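Here are my notes on this one, written as numbered points. Have the viewer open while you go through them.

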Amino acid sequence: MAEVITMPRLSDSMEEGEIVAWHKKVGDKVAKGDLLAEINSDKATMDFESPKAGTLLYVGIPAGDKLSVGAPLVVIGDEGEAFAHLLGGAAAAPVAEAAAPTAAVSTAAAVVVASATPSVSAVETHDQSRIFASPLAKEIAKASGIEIQTVQGSGDNGRIVKRDVEAAVSKAATTTVVTTTSVVSTPAVQIAVAKPTPSVSAAFGNEDYTDQPLTSMRKVIAKRLSESLFTAPHFYLTMEINMDKAMELRTQLNAVAAPVKLSFNDIVVKAVAVTLRNHPAINSSWMGDFIRQNKHVNIGVAVAVGQSLFVPVIRNTDMKSLGQISSEVRALAGKAKEGKLQLPEMQGSTFTISNLGMFDIEEFTAIINSPDSCILAVGSIMQKPVVKNGEIVVGNVMKITLSCDHRVVDGATGAIFLQELKAKLEDPIRLLV
């Protein structure tokens with residue numbers, strides 16, 4: 001029996017999924033557990049496996065398009081089995097396209113050739129039923145005033161996709177005719193033809209912009225951070241830390257002991273994790289009706305990938321060595337950049353660290369990653385004059401800023417946590433004990 005498999009809900013906040021890639025096509029035999037597609041949810045790209053064995057009879061959308069949760073995604077059944085009644089008349093259209101795209105395109109071409117001056121009604125009738133384009137491509141074309149029929153498709157079987165319409169819009173915006181005074185010659189006389197004088201806007205360039213559709217990930221980032229900032233009463237505590245000894249320790253460990261090259265961020269993560277053991281109020285979560293003091297320490301490490309922000313979680317961070325932390329952070333960051341992070345790898349943090357030091361940012365404030373009660377913003381290590389033993393010398397100073405949810409953490413509580421963290425980073429040998 002043919003079965004309709006709908007777009008799965010891959011996270012609690014997912015409303016639609018984007019197909020990153022199909023690994024099977026209509027007509028392929030599939031076994032239970034075979035990889036059918038990669039789906040980009042609002043949080044991560046995840047593998048979608050076949051829940052049953054059979055023949056892939058129907059694919060709802062092409063790669064690059066989005067589909068609402070619960071909408072028909074694929075149909076799997078016996079080869080040649082009828083299934084249109086399971087989808088409804090309108091929903092069966094993508095199958096017809098997949099089954100005979102070449103014939104449809106040929107028919108469309110024949111209509112155009114047969115009538116050099118078609119009537120408006122003929123164009124309208126032909127237009128919508130024969131154009132092979134993704135819904136997103138049609139939407140962008142309509143908003144940009146581009147005739148979808150004029151766009152050359154680069155997708156499967158000539159299908160028009162998003163990038164084709166964007167290229168057409170860009171070409172239309174940049175194709176301008178430069179007019180100047182020219183001379184028309186005839187055998188008897190030369191006639192000067194005056195061309196319009198370029199306007200000021202033409203001389204200095206036209207105003208232009210590009211509208212970027214929101215990805216599912218960007219929508220969730222905007223929603224969650226807005227809720228956090230406007231719901232949790234944030235306050236901020238900033239402290240300078242002398243990193244001279246931390247720099248010395250890192251150099252020594254990388255030279256003789258560490259299986260991987262340690263970064264300063266690895267040292268900060270370890271120091272924060274060890275310090276959190278003594279500060280349950282900082283290692284807490286706001287749960288709405290109560291405050292949860294976590295006895296485990298799971299550090300979320302913010303990772304920026306393009307226009308998205310991922311927070312993979314290092315579990316039981318306080319119990320791991322610097323080398324283990326370094327390896328795990330690199331592995332998770334690599335998966336984030338490849339779009340391979342799984343949902344469980346981004347859940348369950350009790351504290352978050354955001355580090356922009358590699359971008360030469362001296363100091364910044366970060367928005368709390370709910371339901372955590374705090375997030376630590378880490379700046380760059382800068383050389384500055386410092387006082388040591390009554391003398392002014394050059395020191396390596398790093399600024400950190402703790403954002404706190406005042407519903408959970410009071411000012412003095414946050415300050416005491418930072419004092420202990422400062423002591424550990426300024427004498428980091430204690431992290432190895």
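1. Start with K25 and D28: they form a salt bridge, with 3.4 Å between the closest N and O atoms. (A salt bridge here is a side-chain nitrogen of Lys or Arg within 4 Å of a carboxyl oxygen of Asp or Glu.) K25 counts as exposed, at 55% relative accessibility. For that label the cut-offs are under 20% relative accessible area for buried, over 50% for exposed and partly exposed in between, with a 1.4 Å probe and protein chains only. The structure has 17 salt bridges.

2. Some ground rules before going on. This is a predicted model, where local features need pLDDT of at least 70 and side-chain atom pairs count only at pLDDT 80 or more, while totals for chains, interfaces and linings use all residues. Residues are numbered from 1 along each chain as its sequence is written, and side-chain values use heavy atoms, with hydrogens and water left out.

3. Next, have a look at D244 and K388, whose side chains meet in a salt bridge at 2.7 Å, N to O. This pair links distant parts of the chain, 144 residues apart: D244 belongs to helix 9 (residues 244-256) and K388 to strand 19 (residues 374-388). Helices (H or I, at least four residues) and strands (E, at least two) are DSSP runs, numbered from the N terminus. D244 is buried at 12% relative accessible area, and K388 is partly exposed at 35%.

4. D318 and R277 make another salt bridge, 3.2 Å between the closest N and O atoms. D318 sits in the loop between strand 17 (313-314) and helix 11 (322-337), and R277 in the loop between helix 10 (264-276) and strand 12 (284-286), so the contact ties together parts 41 residues apart in sequence. D318 counts as buried at 11% relative accessibility; R277, at 48%, counts as partly exposed. Salt bridges with shared partners also join E240, E362, E363, K384 and K399 into one network.

5. Four strands make an open, antiparallel sheet in the order 1-8-6-3 (two strands pair if DSSP finds at least two bridges between them). Strand 1 (3-6) and strand 3 (29-30) are the edges, each pairing on one side only. Strand 6 (residues 54-59) runs antiparallel to strand 8 (residues 72-77) over four bridges, and T55 is opposite G77 of strand 8.

6. Which aromatic pairs turn up? The count is two, using centres within 6.5 Å, with planes under 30 degrees apart called stacked, over 60 edge-to-face and the rest tilted. Y58 and F83 are tilted, at 6.2 Å centre to centre and 55° between the planes. Y58 lies in strand 6 and F83 in the loop between strand 8 and helix 1 (84-87), so this pair ties together parts 25 residues apart in sequence. Y58 is buried at 3% relative accessible area, as is F83 at 11%. The rings of F351 and F417 are 5.9 Å apart at their centres with planes at 50°, so they are tilted too. F351 is in strand 18 (residues 351-355) and F417 in helix 12 (residues 411-426), so parts 66 residues apart in sequence are tied together. Both F351 and F417 are buried.

Conventions
Rings of Phe, Tyr and Trp (its six-membered ring) pair if their centres lie within 6.5 Å; planes under 30 degrees apart count as stacked, over 60 as edge-to-face and the rest as tilted.
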